[in-house]
Amino acid sequence: MALKNLIDRFNKGDDLDFLSAFGSSDDEEWERVRRFLKIVESRGLLALIDPSAGFDFNDVYTQNSFDWYCFRKPELREKFIEQACRQLYRDIVYDNGRIFLVLEGLSELSGLFCSNEYSRMVSSYDLAYGILSDDTYNPYDDTTEDVYRDVIGVLTNENFRLFCIYVAENLKEIVLSEYSDDIYETIIPELAESFGDDKVLRVDKEIIGRMFKDENTFTFIYQELLTEDFHNSLIQCHLNAYNQALTEEWAEEVNKKLESVGIGKGVWSNRHPKGKNYTTYKVDITDNFIRILSHFLKSHIGFNSTIYDFNNYFSLVEDTENYSDDINCLELKIDDYPNQKNLDKLINESIFEYLDF
């Protein structure tokens, strides 16, 4: 029988016994397949082999060995990779040699992070999911016990000057007798006397500035002279700035981890490549996918699962992690405290958005 006819039978799976010509029935099936492929290769006909052949392999050892053979042979490699992408139809798209992961949301990428590695008592998966799924992800609800140190103390000179103007416009004057004796532990009586009236201190931005340079005086003013809303607005300013600075740093770490395995920035599209009409995120993962596929095939020789048991990228990755020592889930190692310079910058940018009297 002509070799091309045998190749056609192999590709179509028409004759399940045709490989008997390459060894006795007692031989391992893969050995007979290997002999067949060696002859095909020696005749320069390897490109005619279809990696998605309909041949019915009797065991997964033969299937995985055949797939590994196809992956390593230059003549078959690209056809096999395309076939593998078509198998993972739910979220993988093959397009002219490039491989794209198509997602409905960035949070799906959290599936690449470890679910059993813990930082801050939550898993890397949970952290990545929170960061990737929600722009307003707030890990903390209490970030300061000292607004004088953490907010007033980090204002730029210009912002401190403007801050004092706002307070002066709302405070106007201080009648000393209307407040507790704690007022005498501040510099307010001293200032009042220096202006010739020990009972009333009329304030302006300069006087507010002098008072706010003293922590005891500031504390007295926000506790007894100004409203609770004023104090809460400073707390809220710090809380939001702290969470924003921290999650921006965490997001940078998440992106670095993704980039380390070949998943960079993608693009949003209102048109799904498979014709659906909702917004999707498309990212080129060619190098990443080929690496995952290589380690999957190499680690699954002799095991029960094949690429044909999966229909999406993430389940293939998870299974490869379970079998291969070279593919691991991503672990986040993050700080609980944001960079102080970034935090101070955000406080100064947002302070007047929160200020409330």
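The largest pocket of this predicted model holds about 470 Å³ of space. A pocket is an open set of points on a 1 Å grid over the protein atoms alone, where a 1.4 Å probe fits, with protein on both sides within 12 Å along at least five of seven lines; its lining residues have an atom within 4 Å of a point. The volume is the space filled by probe spheres set on the points, which are joined across faces, edges and corners. Among the 22 lining residues, Ile 131, Leu 132, Asp 135, Ala 251 and Asn 255 are the closest to the centre of the pocket. Helix H5 (124–133) and helix H11 (228–260) are the elements that each give two or more residues to this lining, and H11 supplies the largest share, nine residues. Helices (H or I, at least four residues) and strands (E, at least two) are DSSP runs, numbered from the N terminus.

Strand E1 (residues 92–95) and strand E2 (residues 98–103) run antiparallel and are joined by four bridges; two strands pair if DSSP finds at least two bridges between them. Val 93 has Phe 100 in E2 as its bridge partner. Two residues lie between the strands of this hairpin, in which Asn 96 takes a positive phi near 50°.

Helix H7 (residues 157–171) packs with helix H14 (residues 340–354) at an angle of about 15°, their axes lying 11 Å apart. H7 is therefore roughly parallel to H14, a term for angles under 35 degrees. Axes are lines fitted to C-alpha atoms, for helices over the stretch in contact, and angles run from 0 to 180 degrees between N-to-C directions.

Residues are numbered from 1 along each chain as its sequence is written. Local features need pLDDT of at least 70, side-chain atom pairs count only at pLDDT 80 or more, and totals for chains, interfaces and linings use all residues, while side-chain values use heavy atoms, with hydrogens and water left out.

Methods. Parallel < 35°, antiparallel > 145°, perpendicular 65-115°, else oblique.
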